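Please have the sequence and the structure open as you read.

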Amino acid sequence: MEERYLQVSSGRGPKECNMAVRLVFDRLAVESRKVGVEVTEIEREDVDGLPCSLIVRLSGRDMEQLIDHWVGTICWVCKSPFRPLHKRKNWFVDVKMYHPGEKERLLDLKDVYFQTMRSSGAGGQHVNKVSSGVRATHAPTGVSVQVMDTRSQLQNKEIAMLRLAARLRDLGQAKLNATKVQKWKNQIEVSRGQAKRVFHGQKFVEK
C-alpha cells in the first residue's frame with residue numbers, strides 16, 4: 001500500500017481562504033474515494049474554527065493522477081459568506097506535496113558492526129597491549145563513532161552504542177527541524193497566478 005502526503009494551506013489568508021481549505025479537503029476526499037484511495041487528516045492548524053493548514057495522508061494505489069489533479073493553486077470564486085459587503089470574490093489556497101520527518105531511529109544491535117583497534121592516549125603503559133578501542137558503525141546510515149575511553153573492549157562497545165544512538169537522534173532531529181521549516185514556508189507561500197482548478201459558489205462546483 002503506497003502512501004503520499006499533501007498539505008493544503010491558505011497561506012495565512014483571510015477567513016474565506018480558510019473555509020476554502022476545508023472545502024478543498026472535502027472535495028479531495030470525495031474524489032479519492034471514487035478511485036479507491038483513503039484520505040486521512042493527520043495534522044490540522046485552525047484559526048477561528050476553520051483550518052488554515054491541513055496535512056493529509058493518501059493511502060492506496062495509482063495515486064499519481066489524483067495527486068497531479070490537485071497539486072497547485074486552487075481558486076474558489078464566491079461572494080464572502082462572512083463579509084457580505086466585501087467586493088473580493090476570488091479566494092486562493094495552495095496544495096503541495098508534503099514529506100513528513102522521519103521517525104526517531106531506534107538503534108538495533110543487528111544494524112551495527114564493530115571494528116577493534118589499539119587504544120591510544122591516557123590509560124597507562126598497558127593500554128596499547130590489547131585492541132580495546134572500538135569503532136561502531138550504523139550500517140543503514142553509515143554513521144560511526146570511535147571509542148577508546150577504557151581498557152575494556154566490552155565497556156567501550158557499550159559506550160559506543162550510547163554515543164551512536166545519540167548521533168542518530170541528533171540526525172533525526174535535524175531532519176525534523178528541516179521539515180518544520182518547509183511546512184511553514186508552504187503555509188505562507190500561496191501563488192495567486194494561474195489556478196490549477198477553479199470552483200464556484202458555496203456548493204464548490206468546478207467550472
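What follows is a short walk through salt bridges in this model.

The model is predicted. Searching the whole structure turns up 12 salt bridges.

Start with Glu31 and Arg197. They form a salt bridge, and their closest N and O atoms are 2.8 Å apart. Where do Glu31 and Arg197 sit in the chain? Glu31 belongs to helix H1, which covers residues 15-34. Arg197 belongs to strand S9, residues 197-200. Are Glu31 and Arg197 buried or exposed? Both are buried.

This pair has partners. Salt bridges link Arg27, Glu31, Arg197 and Glu206 in a network.

Now turn to Glu64 and Arg4. This salt bridge brings the closest N and O atoms to 3.1 Å. Glu64 lies in helix H2 (residues 64-68) and Arg4 in strand S1 (residues 2-9), so the bridge ties together parts 60 residues apart in sequence. Glu64 is partly exposed, at 43% relative accessible area. Arg4 is also partly exposed, with a value of 26%.

Arg44 is partly exposed, with a relative accessible area of 37%. Glu41 is partly exposed as well, at 34%.

Note on methods. Residues are numbered from 1 along each chain as its sequence is written. This is a predicted model: local features need pLDDT of at least 70, side-chain atom pairs count only at pLDDT 80 or more; totals for chains, interfaces and linings use all residues. Side-chain values use heavy atoms; hydrogens and water are left out. A salt bridge is a side-chain nitrogen of Lys or Arg within 4 Å of a carboxyl oxygen of Asp or Glu. Helices (H or I, at least four residues) and strands (E, at least two) are DSSP runs, numbered from the N terminus. Buried means under 20% relative accessible area, exposed over 50%, partly exposed in between (1.4 Å probe, protein chains only).
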